Amino acid sequence: MLNALVEVSLRYKVLVLIVFLVVGFLGMRAVTTVPIDAFPDVTPAQVNIYTESPGLAAEDVEQLLTFPVESAMAGLPKVQEIRSVSLFGLSYVAVYFEDDMDIYFARQLVGERLQEVGDRLPEGYGKPSMGPNASGLGQVLWYTVERKPGVSKEQVSDMDLRTLQDWIVRLVLRTAPGVDDVMSWGGGEREYQVLIDPQRLYARGLGFGDVLDALPINNGQVGGNVMDVGAEQYLVRGLGLVKSAEDIGAIVLKAEDGVPVYVRDVARVVEAPAPRFGAVTRDGEEVVLGMALARLGENAKAVVEAVEGKLGIVRDAMPEGVDIKPVYARTELVNKAVSTAVWALIEGSILVAIILFLFLGEFRSAVVVIVALPMAMLIAFIGMQQFGLSANLMSLAGLAIGIGMMVDGAVVIVENAFRIMAERREHGGPVDRTSAVLAAAREVANPIAFAIIIIIVVF
């Protein structure tokens, strides 16, 4: 069979050149489309579920939130394992699926169960939600939102930095192709705080529950259908959505003899940062940290480039005194990993050319072997594209080693063909290169095939 393949290849040389060009084209397209990353992502197919319940103790979180969610996920198909962690004010449940499970189908199943379990959780204790569709290696770019040198906290506060990150930077970066979510760390999360004075509250005959009930009731928009006036219709709306601390302070708690009691009469309403448990610093100054998370299966290098392009747009929109500085980008690591493997291939090709030229004394024979190196690499990339593998340090390094060993077959055939042509020249007979290559391939085709198969099995 191998001899027949060699004979057909030598008989139809033009067809072989066409196949060579087609494979080269498909391989180059695979090189540009295969995801590029620094390391292979070995994260299992998993879906994370978070439930926030501020102020709730870890024991209560376990009983009221974690256990119901964990029990609901137990009956899903292809579930291998379910792990959970209950912390102060936070429930975390990780559902691990089998490796062949489609992650989007898994998230759909989890989402359906979350709708069911959400109705069974105690009201007011938080609502479970799925985490980003990213893996442990999804953090492709870190950046900081910070004050420029010479700008004080009085001019730009930590709360201002966090507000810019959450409502401007984060929203823009999430539109970058391949980005699943952008996380925020540090700074002060802006919120309206109602600081109740217990003595003033008691003096008016009210309790904390009266204030807690009045705030959500008096914050909303209500539709009242339409009203016909002649030939026209007017929309009836109830405008009650609070927009400032003054609006919250103007909410009526009750009326005494026709005199209303407002929230501002029993409390002080302020804009202040939410309670926090840590901070992010850079060079001794407090900053806000943002993390761009790449979606599963995305090209990390392309995602980083897209996010960096969006950062340039956001930087121009920042107010005076605020700057955005990258901290970590996966691109640098990816470029080093890829360049390591590429240089291994280039150095291997150069060494093969030098050795063959020294032993054979002919440059054309060396070129034939060198051409086999990139062709083998392109064929490997076609396979990587079909099986969904990424080009990373491990796969490219293994590719370089494997190609370096597989090229022995081309070296042996070229050397044997060179030997046969040299012998025919010594005997004074005509030298037909096609017949010489055919004879050389017939002599060593089977041993080379078995040697390459052994290498493939070992790998």
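Glu-146 touches Leu-161, Arg-282, Val-287, Gly-321, Val-322, Asp-323 and Lys-325, leaving aside residues up to four places away in sequence. The model is predicted.

Glu-146 sits in strand E5, which spans residues 139–147. Is Glu-146 buried or exposed? Its relative accessible area is 9%. Glu-146 therefore counts as buried, since the cut-off for that class is under 20%. The side chain of Glu-146 also makes a polar contact with the side chain of Thr-144, at 2.7 Å.

A probe the size of a water molecule, rolled over the atoms, shows where empty space is left. How many cavities of 30 Å³ or more does the structure hold? There is one.

Which elements give two or more residues to the lining of the largest cavity? They are strand E1 and helix H4. Their residue ranges are tabulated here.

| Element | Residues |
|---|---|
| Strand E1 | 46–52 |
| Helix H4 | 103–120 |

Strand E1 gives the most to this lining, with three residues. The lining of the largest cavity consists of Gln-46, Val-47, Asn-48, Ile-103, Arg-107, Pro-132, Asn-133, Ala-134 and Leu-296. By class, five of the lining residues are nonpolar, three are polar and one is charged.

Conventions
Residues are numbered from 1 along each chain as its sequence is written. This is a predicted model: local features need pLDDT of at least 70, side-chain atom pairs count only at pLDDT 80 or more; totals for chains, interfaces and linings use all residues. Side-chain values use heavy atoms; hydrogens and water are left out. On a 1 Å grid over the protein atoms alone, a cavity is a set of points where a 1.4 Å probe fits but cannot get out, and a pocket is an open set with protein on both sides within 12 Å along at least five of seven lines; lining residues have an atom within 4 Å of a point. Grid points are joined across faces, edges and corners, and a volume is the space filled by probe spheres set on the points. Helices (H or I, at least four residues) and strands (E, at least two) are DSSP runs, numbered from the N terminus. Ala, Val, Leu, Ile, Met, Phe, Trp, Tyr, Cys and Pro count as nonpolar, Asp, Glu, Lys and Arg as charged, and the others, Gly among them, as polar. Buried means under 20% relative accessible area, exposed over 50%, partly exposed in between (1.4 Å probe, protein chains only). A polar contact is a pair of N or O atoms within 3.5 Å; within protein, one must be able to donate a hydrogen and the other to accept it, and residues adjacent in sequence count only if both atoms are side-chain atoms. Contact means heavy atoms within 4.5 Å.
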